[in-house]
Amino acid sequence: MKALFVAALALISTTAFAAATPEAAEQAYAARDYTQPGRASAAEAVKLFGELAQTTADKNLKAQYLVKQAASSFFLGDSTADNNEKIAQFTAGMGSSNAALKIAGINDVNNVSDADIAAITKRSKDEVTLVAEALYVYGINLGQWGQANGVMQSLNKWPELRTTMELIVKVGAKGLHEYGAYRTLGRGYFKIPALLGGDVAKAQKYLSTAVNGSLAAGQVYSVNGYNNLFYADLLIDQGQEDQAKKLLQDFIKADAKTLLPGYEAETRQSQRLAAEMLKNL
């Protein structure tokens, strides 16, 4: 009996240790979806990437794991209707990505000098991409945290969010995540009232560039569903409903599996949102 007990403990210990591997973490993140099982997989990814970040001595690898943990937290926040959980997950995502930024040498996104930017751009391509990834995931968590906390927090956080996305452009990574920095800036300039810094012309520039810079082959829509959603929203506001309808209708017809490898869950979700938008036109 004692031997069986010891063997069972050894099996549990071995299983727990083996679970925290890069492969297991990536598999958990890849299985994320806007369903309860999919959210459970995203939660597992948060846990596993966090464990990996804590146990590695390699600073660059630690930063990579933290960025992926932050992306997993973002998905959890984005995929729930519970506002308190949204706030908790986006807060966690900001924490992980901010830790990654500190490893990369950015202690405060609001205080990055031209000399700092120049130094970053001289790093290897992979290192620059890591900095940009950390900035991006920090920014999207920050933006959604502000939104979940209400209008005033969104307005208060806009300057920091804008600065964060502008840093991505300055380090030469504007095309990251299908022009994610432009997508975020465009959405912000569209949603923020003009008296508080909103600018429809800038929104048009950023969002049209994001869409046109990431078109599906031979199509009028972007491979990134949120580029399409945000641009269509702006077009509708500007009285260009026919163009918006065409964009949304064609995007909805697309096979979610073919548009953006690794982001099928987000594509399907954005297609659902696009269908809802069409219903209101």
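Trainee: Which residues does L135 touch, once residues up to four places away in sequence are not counted?
Mentor: L135 touches L101, I106, V109, T164, M165, L167 and I168, and residues up to four places away in sequence are not counted; contact here means heavy atoms within 4.5 Å. This is a predicted model, in which local features need pLDDT of at least 70 and side-chain atom pairs count only at pLDDT 80 or more, while totals for chains, interfaces and linings use all residues. Residues are numbered from 1 along each chain as its sequence is written, and side-chain values use heavy atoms, with hydrogens and water left out.

Trainee: Where does L135 lie, and why is L135 called buried?
Mentor: L135 lies in helix α7, where helices are DSSP runs of H or I with at least four residues, strands are runs of E with at least two, and both are numbered from the N terminus. The word buried means under 20% relative accessible area, with exposed over 50% and partly exposed in between, using a 1.4 Å probe and protein chains only. Because its relative accessible area is 1%, L135 is buried.

Trainee: What is the size of the largest nonpolar core, and which residues have the most contacts inside it?
Mentor: The largest nonpolar core has 84 residues, and those with the most contacts inside it are I106, L135, M165 and I168. Helix α7 gives the most to this core, with 13 residues. The term stands for a set of buried Ala, Val, Leu, Ile, Met, Phe, Trp, Tyr and Cys residues joined through side-chain atoms within 4.5 Å. In soluble globular proteins, nonpolar side chains tend to be buried together.

Trainee: What makes α7 oblique to α9?
Mentor: Helix α7 (residues 125–148) and helix α9 (residues 176–191) pack at an angle of about 50°, with their axes 11 Å apart. Axes are lines fitted to C-alpha atoms, for helices over the stretch in contact, and angles run from 0 to 180 degrees between N-to-C directions. Angles under 35 degrees count as roughly parallel, over 145 as roughly antiparallel, 65 to 115 as roughly perpendicular and the rest as oblique. At about 50°, α7 is therefore oblique to α9. The crossing in which α7 passes α9 is left-handed, a term used if the near helix is turned anticlockwise from the far one by less than a right angle, whereas clockwise makes a crossing right-handed.

Trainee: Which residues make the contact of α7 with α9, and how do they divide by class?
Mentor: From α7 come A132, E133, Y136 and I140, and from α9 come L176, H177, G180, A181, R183 and T184. These divide into 5 nonpolar, 3 polar and 2 charged; Ala, Val, Leu, Ile, Met, Phe, Trp, Tyr, Cys and Pro count as nonpolar, Asp, Glu, Lys and Arg as charged, and the others, Gly among them, as polar.

Trainee: How do you know that H177 counts as buried?
Mentor: H177, which lies in helix α9, has 18% relative accessibility and therefore counts as buried. Phi of H177 is near 55°, a positive value in a residue other than glycine. E178 is also found in helix α9, and because its relative accessibility is 19%, E178 counts as buried.

Trainee: Why are α9 and α11 called roughly parallel?
Mentor: Helix α9 and helix α11 (residues 225–237) pack at an angle of about 30°, with their axes 10 Å apart, and they are therefore roughly parallel to each other. The contact joins E178, R183, R187, F190 and K191 of α9 to Y226, N227, F230, D233, L234 and D237 of α11, and by class these are 4 nonpolar, 1 polar and 6 charged.

Trainee: What makes α12 and α14 oblique to each other?
Mentor: Helix α12 (residues 241–253) and helix α14 (residues 264–279) pack at an angle of about 140°, with their axes 9 Å apart, and α12 and α14 are therefore oblique to each other. Their crossing is left-handed. Among the residues that make the contact are F251 and I252 of α12 and Q271 of α14.

Trainee: How do you know that Q271 is buried?
Mentor: Q271 is buried because its relative accessible area is 11%. Leaving aside neighbours within four places in sequence, Q271 is in contact with F251, I252, A254 and A256.
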